[in-house]
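This report concerns the structure shown below. It covers a sheet, the nonpolar cores and the packing of helices.

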Amino acid sequence: MKKFKKVLSAVLAATMVMALSACGSATEAETASTSEVTGTEAAQTASSDVKVGFIFLHDENSTYDLNFINGATQACEAAGVEYMLKTNIPEGQECYEAACELADAGCDIVFADSFGHEDYMIEAAKEYPEVQFCHATGTKAHTEGLSNYHNAFATIYEGRYLAGIAAGMKLNEMIANGEITEDQAKIGYVGAYTYAEVISGYTSFFLGARSVCPSTTMEVTFTGSWYDETAEKEGANKLIEDGCVLLSQHADSMGAPTACEKAGVPDVSYNGSTASACPNTFIVSSRIDWTPYFAYIIDAVANGTEIATDWVGTLETGSVVLTDLGTAAAEGTAEAIAEAEKAMNAGTLHVFDTTTFTVNGETLTSYMADVDTDAEYTADTEVITDGYFAESGSEFRAAPYFDLQIDGISLLDTAY
Amino acid sequence: MEQKIKEPRFHIVKRADIRNREAWTIRIIAILAALALCALITMVCTGDNPISIFATIFKGAFGTQRKTWITLQYVAILLIISLALTPAFKMQFWNVGGEGQVLIGGLAAAACMITLSDKLPNGVIIILMIVTSLLAGAVWGVIPALFKALWNTNETLSTLMMNYIATQLVAYFTIVWEVPKGSGKIGIINQNTNIGWLPSIGNKYLLSIIAATVVTIGMFIYLKYTKHGYEIEVVGESQNTARYVGISVEKVIIRTMLLSGAICGLAGLLLVGGINHTITTTISDGQGFTGVMVSWLAKFNPVAMIFTSLLIIFMDRGASEISTAFELNQSFADILTGIILFFIIGCEFFIRYKIVVRKDLGKENA
């Protein structure tokens with residue numbers, strides 16, 4: 001026992017020495033996530049007593065969450081408000097607890113970024129009526145009837161369509177160079193789940209590509225997870241083996257882009273540029289810039305105005321953006337995208353124009369979508385107006401509800 | 001020339017027996033050393049001083065009233081699962097199927113909540129949930145036990161394989177019951193009607209804590225003062241002795257695994273009906289395996305398990321608070337938890353063996 005005491009005293013002495021030496025450097029490394037109001041933003045000091053809490057499904061390793069984290073820090077720093085970030089919060093009771101902890105910590109706004117967080121955010125919203133709960137991609141705010149629970153999304157299908165144009169231009173270039181024939185213009189797409197948000201995404205991307213390269217076809221595979229690097233990589237490799245000559249994805253890891261880089265297959269990524277990791281194959285990426293929405297909700301709380309139940313960001317609000325084109329982009333891509341964007345803003349181009357696609361060989365004139373989420377998937381709302389499918393219509397809900405299987409796209413596995 | 005006998009500088013000797021006080025001194029030293037190493041690593045990564053790091057660990061578990069309740073609730077669930085595994089371990093039946101038994105219990109509860117919500121009154125549904133959850137867990141536990149009793153199959157493998165079957169069943173039913181279609185998640189079941197939600201006593205955290213208390217006391221009495229408990233101990237010591245004194249080993253194995261599985265099913269019921277109100281494949285979060293460790297560290301003593309499960313949950317929540325407060329990746333919390341567990345498990349070596357250092361150390365000529 002004596003020896004143990006000796007060892008113990010030595011260990012304790014060592015820790016104390018370390019503790020002392022560490023104290024010296026501790027003051028400069030204050031890492032609490034608060035930001036000070038800078039002098040230049042004196043005009044926005046009205047917001048400075050607002051505190052925002054953020055809940056993220058994964059951390060910065062996920063392209064999806066990184067995009068939100070960047071938007072959150074930018075908006076909060078610009079407005080000069082305090083904020084707290086909680087990463088790696090699963091879609092379960094942990095989300096409810098995280099939301100309540102943020103409310104307990106004095107947050108006026110609590111935001112969560114993943115689809116499966118929704119039910120738990122609603123539970124927290126019921127408990128804290130004075131705190132505003134905002135949820136991206138959710139579908140229930142307009143039917144829940146809670147004045148402090150809000151959904152938000154953006155017309156990302158427009159961004160996907162524009163990115164699709166870049167893909168179509170690339171296919172045209174490959175056809176012109178004799179690398180592939182017209183019939184081989186097949187796109188591969190790695191999706192996460194088989195519900196409307198993903199379907200709307202790949203369909204708009206496909207329609208964009210087909211608008212410039214008419215012989216385009218597409219194959220879609222699903223991983224059953226928002227973040228599964230191995231499954232996404234394997235899915236991408238399977239599509240490449242299947243003869244897909246260009247890939248895109250709606251899943252959040254670097255699995256598909258890196259598989260493309262390795263195989264030398266051009267790739268349109270999502271959520272942000274992958275040019276640094278994939279310099280030879282990156283074409284372009286569309287993403288939702290959440291900064292405008294965060295600025296909007298901070299401003300609303302600071303000024304005591306209502307936050308919209310369903311907020312839809314658009315190209316014009318700066319919510320839907322494309323990254324810079326990569327080296328793999330075909331010549332003339334920037335011009336083609338700019339032209340389409342102008343037409344969209346002018347209201348002359350609709351992504352889901354019913355004359356541009358068919359379902360089982362037929363053109364649609366009417367479609368009832370499941371806008372009000374329920375366990376029976378009841379189709380409840382007519383969404384075809386003026387000859388196009390009104391996706392994310394402000395009178396319906398923010399999150400996508402386009403769930404049609406259009407001709408030209410084949411689904412490889414729909415287990416999820 | 002004088003033949004010099006090489007005696008090693010130190011060697012390892014098995015301890016004949018060790019006093020409780022000494023064993024706990026070793027454990028406390030291990031925990032302190034683990035904390036010191038965690039502090040050192042956090043210091044290197046963040047440049048913050050160790051005092052604030054320990055303060056953060058404590059705040060993570062007990063910082064606010066809500067955090068304290070959540071911590072206690074987590075302890076309750078882990079404790080129930082650990083207690084469930086204990087009688088099986090005590091009779092040397094390696095039940096590593098806690099994960100599957102919890103999941104299948106939870107699945108039974110979720111099935112009642114979803115399929116019966118508009119058919120039966122709430123009270124009847126809750127009673128059915130309790131019955132089916134316990135039954136489902138018991139069935140999942142007794143299948144490997146029957147195989148062991150009848151054909152002497154390896155229970156480590158069969159209980160482990162039952163885990164995968166349970167996980168796949170939950171994955172399958174997730175897709176059957178998903179809302180909206182294709183999203184791969186069930187979401188909160190009966191969110192607006194609250195049908196099948198176990199009633200909250202006092203506050204929503206208390207129910208699991210009360211359940212854990214009851215199970216702890218019950219298990220303590222069962223193992224220590226009942227004939228069943230004694231039979232389990234005899235079977236664990238030696239199956240031949242048990243047979244010699246007329247205990248039916250097969251019967252004890254089957255009976256004990258029914259109990260073990262049923263209590264795991266109870267944990268599943270609490271997770272689904274009382275806490276999460278949904279079912280996912282990850283709802284038991286590896287606690288079926290963590291429970292093995294809790295049970296072993298406490299030497300199968302139900303009362304000691306309160307402390308070992310508290311220790312593990314405390315460290316886990318503290319480590320995750322560090323990663324939030326210092327804006328580090330979640331992997332950092334995993335690193336810290338790993339270090340702590342390594343020390344806690346590693347110190348058992350020093351409890352069983354001692355290191356004897358050569359007496360004349362330092363006196364030999366260089």
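The account begins with conventions, then turns to chain A and chain B.

Residues are numbered from 1 along each chain as its sequence is written, while chains are lettered from A and ligands numbered from 1 in the order in which they are written. The model is predicted: local features need pLDDT of at least 70, side-chain atom pairs count only at pLDDT 80 or more, and totals for chains, interfaces and linings use all residues.

**Sheet of chain A**

Helices (H or I, at least four residues) and strands (E, at least two) are DSSP runs, numbered from the N terminus. Two strands pair if DSSP finds at least two bridges between them. In chain A, six strands form an open sheet in the order β2-β1-β3-β4-β5-β11, with parallel pairing. Its edge strands are β2 (82–86) and β11 of chain A, each of which pairs on one side only. From one strand to the next the twist averages 20°; axes are lines fitted to C-alpha atoms, for helices over the stretch in contact, and angles run from 0 to 180 degrees between N-to-C directions.

| Strand pair | Bridges | Direction |
|---|---|---|
| β3(A) (residues 109–112) and β4(A) (residues 132–136) | Four | Parallel |
| β5(A) (residues 149–154) and β11(A) | Four | Parallel |

Val110(A) stands opposite Phe133(A) in β4(A), and Ala154(A) stands opposite Gly313(A) in β11(A). In a regular strand the side chains alternate between the two faces of the sheet. In strand β11 (residues 310–313) of chain A, Asp310(A) and Val312(A) point one way, Trp311(A) and Gly313(A) the other way, and all are buried. A residue is buried if 20 or more other C-beta atoms lie within 10 Å of its own, exposed if 12 or fewer, and partly exposed in between, with C-beta atoms placed from the backbone. Helix α2 (residues 63–79) of chain A lies across β1 (51–55) and β2 of chain A, and runs at about 165° to β2(A).

**Nonpolar cores**

A nonpolar core is a set of buried Ala, Val, Leu, Ile, Met, Phe, Trp, Tyr and Cys residues joined through C-beta atoms within 7 Å. The largest nonpolar core has 126 residues, and those touching the most other members include Val52(A), Ala99(A), Val110(A) and Ala166(A). Helix α6 (residues 156–176) of chain A gives the most to this core, with 10 residues. Beyond its neighbours within four places in sequence, Ala99(A) is in contact (C-beta atoms, placed from the backbone, within 7 Å) with residues including Ile55(A), Val110(A), Tyr120(A) and Phe133(A). A second, separate core of 99 residues includes Leu35(B), Tyr74(B), Ala262(B) and Leu271(B).

**Chain B**

Chain B has 13 helices and two strands. Of its 366 residues, 46% count as buried. The C-alpha atoms of chain B fill a box of roughly 95 × 65 × 35 Å, taken along the principal axes.

The axes of helix α7 (residues 206–225) and helix α10 (residues 249–276) of chain B come within 10 Å and cross at roughly 170°. The two helices α7(B) and α10(B) are therefore roughly antiparallel. Residues making the contact include Leu207(B) and Val215(B) of α7(B) and Ile263(B) and Leu270(B) of α10(B).

The axes of helix α3 (residues 65–90) and helix α11 (residues 287–297) of chain B come within 8 Å and cross at roughly 65°, which makes α3(B) roughly perpendicular to α11(B). Angles under 35 degrees count as roughly parallel, over 145 as roughly antiparallel, 65 to 115 as roughly perpendicular and the rest as oblique.

How values were computed
Contact = placed C-beta atoms within 7 Å.
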